[in-house]
Amino acid sequence: MLVNYGSRDSTWPAMIDVAQRDRHVVAVNLARNFGKEMALSAGLAEAPGERVLIIDADLQDPPELLKPMMAKMDGGADVVYGLRPDREGESWPKRAASAAFYRVLGWLTDIPIAHDAGDFRLLNRRVVDVLLAMPESHRYVRGLVSWVGMRQEPIEYRRPPRHAGKTKFTPGKLIALAFDAVSAFSIRPLRLASYLGLFAGVGGFLLLVYVIWSWLAGAAVQGWTSLMVVVLLLNSATLMVIGIMGEYLGRTYLESKRRPLYVIERVVRKDPANVPGAISPSAPAGAPESRA
Amino acid sequence: MTEREEKTESARRPRVSAIVPCFNEQESLPELHRRLGAACAEAAGDD
């Protein structure tokens, strides 16, 4: 099942072509670029298989691993996730940042999120059904799969450099994804904010006591500098707290809208009943599917 | 669903589905189709 989400080149026409020729291929077109996580969610909802494989289009994850992954699942695993021992073709800063990200994420959340694992996964039907039952709007599929738990087993492989095309994950997007991942699974940042606020409050109070005592004792009056330092510290702590609280308030607001996650524009598959190669949309034109 | 209905449900399901999110992937598509199709056929037969 190929899910197109807002490609600007001729990806969609190429997908229609393949879908009409090969009955195994279903092409799904989202109405616009809803993001990769939403494209995955749409695919999960539409895919009929007993088991579902999530794989990137750039072939950095080898499809040939499907057979051993199926074997692992036959052995009782509910999720088989791909584990990359090293990252060829990725720059050093990205590798270091990624390792740091997963370490911090692991510390901030309580669920075991395997570092060095990407989206490459084989999922059992019941795991898919649990995922589909989750109405969460901010989707971080990797993390949600870990959250589900059940029996998850890794399969190791080497990841060659990209076959074609450029990476979609700019540093900005990676940072945004990091924020999404953390706030989806942890309230520890909020707790940190509270501790920080508490610390600043206590520290400020102690400092105040000291200042008054030294004034009473007739010692030299604290200079302008130390006053400024205190003001700055307290203000930055306040700002940090407001920022973190804002993150959660924002999520609560968006979540409460119950907006559909994505809109499927049409589905194309080879229709054996009609003329071979005809396009059979899943809904009449003008009534696009949407899913809440 | 009764047990019989459930069994018929899963009998209709293909053994495996592969989901591939695609964004500007026209260059990879032919190779992707070839390799993924082969991998699925090898792993699950002609579902």
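Trainee: What is the accessible surface of chain A, and what share of it belongs to carbon and sulfur atoms?

Mentor: In this predicted model, the accessible surface of chain A comes to about 16,000 Å², and 65% of that belongs to carbon and sulfur atoms.

Trainee: Why is Val202(A) called partly exposed?

Mentor: Val202(A), which lies in helix H8 (residues 188–216) of chain A, has a relative accessibility of 46%. Buried means under 20% and exposed means over 50%, with partly exposed in between, so Val202(A) at 46% counts as partly exposed.

Trainee: What makes Val202(A) part of a nonpolar surface patch?

Mentor: A patch takes residues with over 30% relative accessible area, and Val is among the nonpolar side chains that are joined within 5 Å. Val202(A) has 46%, and the patch of about 950 Å² that includes Val202(A) is also made by residues including Tyr195(A), Phe205(A) and Ile212(A).

Trainee: What makes the pair Arg15(B) and Asp74(A) a salt bridge?

Mentor: The definition asks for a side-chain nitrogen of Lys or Arg within 4 Å of a carboxyl oxygen of Asp or Glu. Arg15(B) and Asp74(A) have their closest N and O atoms 4.0 Å apart, and the pair is therefore called a salt bridge. The count between chain A and chain B is 2 salt bridges.

Trainee: How do you know which element gives the most to the side of chain A that touches chain B?

Mentor: By the residues it gives: H2(A) gives the most, with 5 residues. Across the two chains, 51 residues of chain A are in contact with 29 residues of chain B, and about 3,700 Å² is buried between them.

How values were computed
Residues numbered from 1 in each chain as written. Chains lettered and ligands numbered in written order. Predicted model: local features only at pLDDT ≥ 70, side-chain atom pairs only at ≥ 80, totals over all residues. Heavy atoms only, no water. Patch = residues over 30% accessible without salt bridge, like charges linked within 9 Å, V, L, I, M, F, W, Y side chains within 5 Å. Areas by Shrake-Rupley, 256 points an atom, 1.4 Å probe, with all protein chains shown as cover. Helix = DSSP H or I, 4+ residues; strand = E, 2+ residues; numbered from the N terminus. Buried < 20%, exposed > 50% of the residue type's maximum accessible area, 1.4 Å probe, protein only. Contact = heavy atoms within 4.5 Å. Buried area = accessible area lost by both parts, 1.4 Å probe.
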